[in-house]
Amino acid sequence: MTATDNSDSRAASPVIEFAGVTVTLGGRTILEDISFTVAPGETRVLLGPAGVGKSVLLKVVNGLIRPEAGSIWVFGEEITRMPEEALFPLRARTGMVFQEGALFDSLSVRDNTAYQLLQDPAISSEEIDVRVHEALRFVGLEETFSLFPSSLSGGMRRRVAIARALINNPELVLYDSPTGGLDPVTSTHIMELVMKERDVHHTPSLMVTHRLQDAFLLCSHHFDEQRNEAVPLPKGQTDPNTTFLMLDEGRLIFDGGVEALMQSKIGFVREFLE
Amino acid sequence: MAISRIERTAKEIVLTMQEYHAFAWKAMTNIFRPPIYWTDFLIQSDIIGVGSVAIVLLSGFFTGGVLALQSAKTLANFGATAITGEFVALTMIRELGPVLTGVMVSGRNASSMASELGSMIVTEQIDAMRALGVDPLRKLVTPRIYSSIVVLLLLTVVADACGIAGGAAVTVYLNHQNATQYFHMAYEHIIFSDLVQGAVKPLFFGYLLSSVGCFYGMRTTGGTQGVGQSTIKAVVASAVLIISIDFLITHVLLSIFPA
């Protein structure tokens with residue numbers, strides 16, 4: 001095999017791969033026999049009602065929860081039984097946005113956003129400031145630089161969490177219900193940021209949501225860098241790199257594109273869509 | 001039914017003990033491998049140490065005073081009021097200084113550690129920290145344990161000094177005895193083994209209160225109610241452990257340094 005073949009196979013290999021993953025917490029099976037992949041440049045939307053294990057699945061991807069059975073590969077490395085310390089370098093390549101933002105209350109927006117960079121003594125304070133400003137500009141919150149999380153609204157906290165996840169130019173982004181509990185205008189703004197990361201930086205991602213409108217917005221729009229806003233795709237077109245997964249009671253019941261989702265005959269999928 | 005409940009409870013206790021020891025061992029040994037968060041160590045020393053000075057100072061002073069008050073009458077029956085200074089100083093240095101400081105600091109700081117870390121667990125801040133590539137045990141627990149050990153030793157010295165001063169105040173102003181005699185007796189009868197006992201105990205108590213506080217905090221489940229439960233467990237367990245371990249340490253030290 002030539003060097004080109006090697007690099008091709010690496011490029012084509014999935015960013016995330018789940019094979020028969022089962023997760024048990026407190027004696028209860030949360031996820032059962034889950035298998036799917038996330039390809040480079042692909043955005044996968046994980047749908048399902050509350051309490052079916054979506055957030056747990058996202059934490060399993062980042063090694064925050066360990067599976068009972070099955071195998072997980074992230075960036076081509078098997079993390080299933082990887083020790084916690086060996087996971088840190090992989091996590092540094094992944095950005096994760098938590099459900100409620102999970103900002104550190106005792107730190108300013110600057111220190112929250114720069115948390116990962118602050119751990120590296122080689123990065124100067126000036127460089128950190130520049131990168132924090134850049135990340136906060138990306139989410140439209142540059143003016144909050146010196147504020148503390150307690151003085152931010154729910155939507156602003158979520159946007160700072162996105163800035164924190166993206167500051168280190170991650171190779172994979174995990175979004176846990178980024179619009180949960182937000183008003184429609186703020187939700188649309190957050191979804192624009194998700195779209196911006198997808199279309200400007202082409203970062204693969206896995207997004208958990210129970211809101212169909214968010215999922216369809218991602219499929220039907222793309223981010224226009226010139227206009228700095230999300231614009232609809234021409235009629236009948238959808239984003240080919242945005243696909244869906246659906247969970248029901250810990251089992252993966254759907255894996256496919258938007259058309260397959262709309263035409264699915266699976267009872268639960270139909271019920272969820274209607 | 002009753003037997004199975006006892007069996008389940010016994011298993012839970014053994015499992016908790018096992019988890020606590022694994023947790024504390026890992027947190028303690030983190031100091032030997034980088035990264036070591038020295039800034040957090042200093043911040044925690046300030047919060048735990050400087051923040052506790054007032055309560056330690058007051059409780060030490062009044063405990064010394066009470067000791068002098070209570071002992072005066074009994075000692076007078078034997079015509080031994082002259083040894084009040086020795087009695088107060090030895091009791092404070094060997095026993096009450098370390099135990100009182102341990103219990104007071106655990107009431108203030110084991111609870112705050114459990115509630116702070118518990119809140120971080122329920123708001124996913126601990127998960128966020130792990131996701132950002134930082135080990136929460138290393139960043140949050142290790143600095144708290146080592147700073148508690150160091151500052152509890154210093155706070156115990158403060159409590160001992162205040163206790164002896166409180167005893168002196170009572171002896172001079174209420175019992176109308178001689179201050180020089182009080183301090184002379186205290187100074188003359190304190191020997192090396194007393195100081196060793198007084199210095200060894202806070203090291204164990206500092207370790208206990210911080211590791212128990214952090215352990216219950218990091219095990220929090222069930223939202224804000226769970227944070228409350230963790231805080232209660234941390235305070236109760238650390239106070240009971242301090243008093244029980246004090247008995248063991250005293251027994252061991254007395255066998256090493258017999259009177």
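## First stop: two crossing helices in chain B

Select helix α5 (residues 136-174) of chain B together with helix α7 (residues 192-218) of chain B, whose axes come within 8 Å and cross at roughly 140 degrees. Axes here are lines fitted to C-alpha atoms, for helices over the stretch in contact, and angles run from 0 to 180 degrees between N-to-C directions; helices (H or I, at least four residues) and strands (E, at least two) are DSSP runs, numbered from the N terminus. The two helices α5(B) and α7(B) are therefore oblique to each other, on a scale where angles under 35 degrees count as roughly parallel, over 145 as roughly antiparallel, 65 to 115 as roughly perpendicular and the rest as oblique. The crossing of α5(B) with α7(B) is right-handed; a crossing is right-handed if the near helix is turned clockwise from the far one by less than a right angle, and left-handed if anticlockwise.

Two residues are in contact if their C-beta atoms, placed from the backbone, lie within 7 Å. The residues of this contact between α5(B) and α7(B) divide into 12 nonpolar, 6 polar and 2 charged, where Ala, Val, Leu, Ile, Met, Phe, Trp, Tyr, Cys and Pro count as nonpolar, Asp, Glu, Lys and Arg as charged, and the others, Gly among them, as polar.

## Before moving on: how to read the model

This is a predicted model, in which local features need pLDDT of at least 70 and side-chain atom pairs count only at pLDDT 80 or more, while totals for chains, interfaces and linings use all residues. Residues are numbered from 1 along each chain as its sequence is written, and chains are lettered from A and ligands numbered from 1 in the order in which they are written.

Colour chain B by pLDDT, the predictor's confidence in each residue, from 0 to 100: the chain averages 92, and 100% of the residues score at least 70. Among the elements of chain B, helix α6 (residues 179-189) has the lowest mean pLDDT, 88, whereas α5(B) has the highest, 95. The model as a whole scores ipTM 0.86 and pTM 0.86.

## Chain B as a whole

Zoom out to chain B, which has 8 helices and 0 strands, and whose C-alpha atoms fill a box of roughly 65 × 50 × 35 Å along the principal axes. Of its 259 residues, 44% are buried, where buried means that 20 or more other C-beta atoms lie within 10 Å of the residue's own, exposed that 12 or fewer do, and partly exposed in between, with C-beta atoms placed from the backbone. Among contacts in chain B between residues at least 6 apart in sequence, 88% join residues at least 24 apart.

Next select helix α2 (residues 38-77) and helix α3 (residues 84-122) of chain B, whose axes come within 8 Å and cross at roughly 145 degrees. The crossing of α2(B) with α3(B) is right-handed, and the residues of their contact comprise 14 nonpolar, 11 polar and 1 charged.

Then select B:Pro35, in the loop between α1 (2-29) and α2 of chain B; a cis peptide bond joins B:Pro34 and B:Pro35, with omega about 0 degrees.

## Across to chain A

Show both chains: 10 residues of chain B are in contact with 15 residues of chain A, and the chain B side has 4 nonpolar, 3 polar and 3 charged residues.

In chain A, select helix α9 (residues 212-220), where A:Asp214, A:Ala215, A:Leu217, A:Leu218 and A:Cys219 are buried. Their cover includes β3 (43-47), α8 (184-200) and β11 (242-248) of chain A.

Finish with three loop residues.

- A:Ser146, between α6 (125-138) and α7 (154-166) of chain A, touches A:Ser108 and A:Arg110, not counting residues up to four places away in sequence.
- A:His202, between α8 and β8 (205-208) of chain A, has phi near 55 degrees, a positive value in a residue other than glycine, and is exposed, with 12 other C-beta atoms within 10 Å.
- A:Glu249, between β11 and β12 (251-256) of chain A, has a positive phi of about 45 degrees although it is not a glycine, and counts as partly exposed, with 15 C-beta neighbours inside 10 Å.
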